[in-house]
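Thanks for making the time this morning.

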Amino acid sequence: MPDNVVLHVSDVHKNFAGLHALSDIDLQVAEGQTHAIIGPNGAGKSTLLNVIVGRLAPSRGAVVFDGTVLTGRKPYEINQIGIARVFQTPEIFPDLTVLHNVMIPALSRRDGAFRLNMMRTLDSETAIRQEAEDVLADVGLYERRLAHAGALSRGDKRRMELAMCLIQKPRLLLLDEPTAGMSRHDTNTTIELLKKIKSRGMTKVIIEHDMHVVFSLADRISVLAGGRIIAEGMPDEVRGDPRVREAYLGGAH
Amino acid sequence: MNTILVTRNDLLLLLGFTIAVLAMPIWLQPFGAAYPDLMQRFAIYGIFAIGFNILFGLTGYLSFGHAAFFGVGSYAAVWSFKLLTMDAIPALVFAVLISGLFALLIGYVSLKRSGIYFSILTLAFAQMSYNLAYSVLTPITNGETGLQLTLADPRHLDQALGISSRSPALLGQPLLGYAGFYFCAGLLIVAFFIAQRITGSPFGMMLRAIKSNQTRMHYTGFNTRPYTLAAFVISGMYAGLAGALLAITDPLAGAERMQWAASGEVVLMTILGGVGTLVGPVIGAWIIKYFENIFSAFNEGILHRTFDFLPDGLEDAVVLVTSKFVGEGWHLTLGLVFVLIVVFLPGGIMEGVRRLVHWARRPAEPGRASPRPQPAE
Amino acid sequence: MFEVILLQFINGLDKGGAYALIALGLTLVFGTLGVVNFAHGALFMLGAFCAVTFQKLITLETVTVDPSQLSPWGTPVEVREPLVQAWLGDFGAVLVNYSVPFSLLLAIPVMLVIGIAMERGLIKYFYKRPHAEQILVTFGLAIVLQEIIKASFGANPIPQPVPTDLRGAADIGVMLGLNPGIITYPIWRLVYFLFSGVVIGAVFAFLRFTTFGMVVRAGMADRETVGLLGINIDRRFTIMFGLAAVVAGMAGVMYTPLLPPNYHLGMDFLVLSFVVVVVGGMGSLPGAVAAGFLLGILQSFASMTQVKALVPGIDQIIIYLVAVIILLVRPRGLLGRRGVMEA
């Protein structure tokens, strides 16, 4: 086990009306690593992510990020600690422009959870705007920055949501199937993008179905099945593990 | 789109608005509405609607209880006249502060819920205020009679300064007739300017983002409650200011100003003009107050004269039908128009204007989809 | 003390019955169609005016001048004879006397037609639109309906007669073995309570024991699944809206002798009924009924002089206060399901 662990998920259980969605989850993610969580549908992957970001409270156990207990905190507090999340179906501001969508998270990083700054204009925030335009250029959406976000294609929405997270420079980025529903070309672009972030040292937890994406990106993989972690290790170890083949790879392919 | 350009747009809008408001006595002449009493009401309800839009238009929280703050503003202003001085400034300050505090209290509780629950909570609080104003709070509100000025009022400040003004004044200048109108008009312009600044600020952007997707706001690190509460209190203060101005033009405050029907009226104004826009709510307020004034005055005699070019039988029939929609029946017209607007033109008059402009320009730009209503401009 | 409490308890029953009936319809419409109907109070008001109309119709009179009789002033006497009595004889007299309950016969078809027309003509276009827009459009509709009534019937309340046999008060205390004169209760209010109980029972029985009702209940629980079964939910929901209108209308008809109806009766009751629905739990039918009676009774207790002396003005705000507390402490309401509109 590496010694520079930033995210500890220890002994997490989650029950829904008697149904064990998660049991005995222990997970350590080391700083700067990309940790993938894979598993068949209904294995509890999204539930685990929801527990980490504070959307769901675990029935037992705790999540600790860099010495701070996340359990029991509100989603906005967890984000202010430095954890950002990309959703499976993009959560964006459809009524605002792409540029504004990306400027808002930047303002959150600068101003905190609340600031009553109503006597300056948004247009005078040139530094924030510049930063947003840079990030949009990174994800390839600079040309569409003045479009309404609601009018973007599904793939563009996902890339914009990624930009909204990246501009916060989070210490931990959680990605829930970032390439689901994307074309092969878009998927490859996204992989390249995520690799680029990795070189900046951002820690990532990624849930993914697409094995191509997982094996291109992950440093470590945990396999979730029936709400339990059944295997964990380096990509090659997991690939060779017969239990994993049976539970997941064998079933799906 | 660079920084300077947008600021210039804002400035032009403000300038245009200022001219339109100050020139009301001229351009309202042909409409027969250029008398101070009515124009004052245009300004007052314009302020009310602008403030309501800061909450409903930007955050999407539909309050059905804003008349309570309007009423509180009126009461506070009259009390200031009774206890302190007939000068308008202390009355306004006092009214805005009290209604702001009141909004803080009600908003703190109501904003614990959203959607229809929020609407019902605000409605419940407004009805409570209304019922209490009529019953237990009679010592403060004077119940059904309404709070009035009396000869026995102490007016400590005026007495100390040896002033014996009998009507609301601004630094000794009585606020009657055109003076009263220009006072209200000036405040309307200030109110518009502040709303413009709020809309264009990062704070205003956060409010619009809350309306667009509150979940994303939470996961982006924002505590949305203080934002919505701030918007609620600001719009409550606007309502209080409008209520106080109404008390200045006529120093009398009654509980009926707090009734749900009055809360509904400001909703109508905002929707009719165009929710989420800066100018729309003001236009909505003007139109409703104008037609209320004109339509209410219509009677069968006027209708007969209007339609006397028609053959007799037809004239009688037309008069019979139209008479149901004017005079006492003005609210029927208002209700019908409102339903039609919500069904066919949810963006109100402002969206209608945009569609018209777009339609007129269509040959020049073929193949473009109809523009989405801008959340604010 | 026991008598005092009992008296206040039954004093709240008739008002509670009215709240429950209106809230029942609101809940049905919200649960089935997902529509927040601010015009529901107007349906209650329309029902009340069905009673007014019916009473006007059956008391139409012929006026004949009889020159053979002279009044003390020396002018010929005008003889007035209700048409109904002339045509139907004794039954006509009964009809006039019992005009309020008989007007249910007029109200039921009228309200059904109004309800269905409302749903098909306007409400159905708002299923997919946000709650705020539903509130706005039904609020506008409520204004239109009440203004039409105002234009047709004027602004003043129009009293309706209680049938002669049901006037006066019943001594309930004696029935319960207490001394006479302690607990007396106007008979018509008792009738209203029983009536509301019967209607509520009928609605529940209808939903529980008919196929139609089962489909509707299934639809309330999970609309999409029922839709997948190939059942035409929409048509049933249209009828459901009509039924909700009928229930509200009947509640309005029978309430007229207790409170002379005027055009803003609907809005007065609407605000209270929404509070009832919220307290009971949005989407819960038993919750709506329970909360209706609970709030009716609470209001009656709050109107006691002793209570008012303790907390001045409590009778004016008790219902709203309860709603505020419920919304803050238990947002899904007394009997609401977890997760339904808890936002």
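I will describe the folds of two chains and then turn to the places where chains touch.

Before anything else, please keep in mind that what you see is a predicted model, and that every value I quote is computed from it.

Let me begin with chain B, whose secondary structure comes to 18 helices and 4 strands. Its C-alpha trace spans about 70 × 70 × 40 Å along the principal axes, and the radius of gyration is 22 Å, which agrees with the value near 21 Å that a compact globule of 377 residues would have. Buried residues make up 53% of the 377 residues in chain B. If we take the contacts in chain B with a sequence separation of 6 or more, then 76% of them are between residues 24 or more positions apart.

Chain A has 9 helices and 10 strands. Its radius of gyration is 18 Å, close to the 18 Å that the globule rule gives for 253 residues, so chain A is as compact as a globular protein of that length. The C-alpha trace of chain A spans about 60 × 40 × 35 Å along its principal axes, and 45% of its 253 residues count as buried. Among the contacts in chain A between residues at least 6 apart in sequence, 67% join residues at least 24 apart.

Now to the contacts between chains, starting with chains B and C. Here 34 residues from chain B meet 32 residues from chain C. On the chain B side, the elements giving two or more residues are α6 (115-134), α13 (260-273) and α17 (330-344), and α6(B) gives the most, with 12 residues. Sorted by class, this side of chain B, the one that touches chain C, has 21 nonpolar, 10 polar and 3 charged residues.

Which elements of chain B supply at least two residues each to the side that touches chain A? In this contact, 28 residues of chain B are paired with 31 residues of chain A, and the elements in question are α1 (3-22), α9 (177-200), α10 (202-212), α11 (214-219) and α12 (224-249) of chain B. Of these, α10(B) gives the most, with 7 residues. The side of chain B that touches chain A divides into 12 nonpolar, 12 polar and 4 charged residues.

I will stop there and take your questions.

Definitions and conventions. Residues are numbered from 1 along each chain as its sequence is written. Chains are lettered from A and ligands numbered from 1 in the order in which they are written. This is a predicted model: local features need pLDDT of at least 70, side-chain atom pairs count only at pLDDT 80 or more; totals for chains, interfaces and linings use all residues. The radius of gyration is taken over C-alpha atoms; the globule rule is 2.2 Å times the number of residues to the power 0.38. A residue is buried if 20 or more other C-beta atoms lie within 10 Å of its own, exposed if 12 or fewer, and partly exposed in between; C-beta atoms are placed from the backbone. Two residues are in contact if their C-beta atoms, placed from the backbone, lie within 7 Å. Ala, Val, Leu, Ile, Met, Phe, Trp, Tyr, Cys and Pro count as nonpolar, Asp, Glu, Lys and Arg as charged, and the others, Gly among them, as polar.
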